Amino acid sequence: MNSTKTRTILIIGCGWTGKKLGQHLAGRGHKVYGTTRSRNNFSDLEAHSIEPVQLELPVQHPSGIQLPKADSILISISPGSRRGDRSHYPKAIAQLAQVLGDDNAQVVMYSSSSVYGRAATGTVVEEDARPDA
């Protein structure tokens, strides 16, 4: 995304990290859309120069997923908390893959979820990761 050409960017799962990224990209002149589960978050996204799109995953059928066209799509939905129910996550990702499969957009998936647990204080190295602990 280093091009000087204005790009359209869609951030799926526009939470704390997505808002910061979206605001940065919008500040560089890009058109940024961001999905949120609740219409209550629309004004917050708009305050970060992000055009809100309501999206709750998973859906009954992927044909119900309506997303704006974008040059780049950043997927930033997390599987949920460590102790919470994560069973919806594989279905949500599969539905996104089905919807985005024929798109020529650049797709990047990232997460701010931690795999370090309590080891995340002080200096942490990859060997400290314990995702299932």
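Predicted model: local features only at pLDDT ≥ 70, side-chain atom pairs only at ≥ 80, totals over all residues.
Leaving aside its neighbours within four places in sequence, L10 is in contact with Y33, T35, L67, P68, A70, S72, I73 and L74. Apart from the core to be visited next lies another core, of nine residues, which includes I9, C14, L25 and L74.

Next, display the largest nonpolar core, which has 17 residues. Within this core, the residues that touch the most other members are L10, I12, L57, I73, I75, I77 and L96. Which elements each supply at least two residues of this core? They are β1 (8–12), β4 (72–75) and α3 (88–100). Of these, α3 gives the most, with four residues. In soluble globular proteins, nonpolar side chains tend to be buried together.

Now select strand β2 (residues 31–36) together with strand β3 (residues 51–54). In which sense do β2 and β3 pair? The two strands pair in the parallel sense, over four bridges.

Is H48 buried or exposed? The relative accessibility of H48 is 17%, and buried means under 20%, so H48 counts as buried. Select K19, G22 and Q23 as well: H48 touches these residues, not counting residues up to four places away in sequence.

Technical notes: Residues numbered from 1 in each chain as written. Heavy atoms only, no water. Core = buried A, V, L, I, M, F, W, Y, C linked by side-chain atoms within 4.5 Å. Buried < 20%, exposed > 50% of the residue type's maximum accessible area, 1.4 Å probe, protein only. Contact = heavy atoms within 4.5 Å. Pairing = 2+ DSSP bridges.
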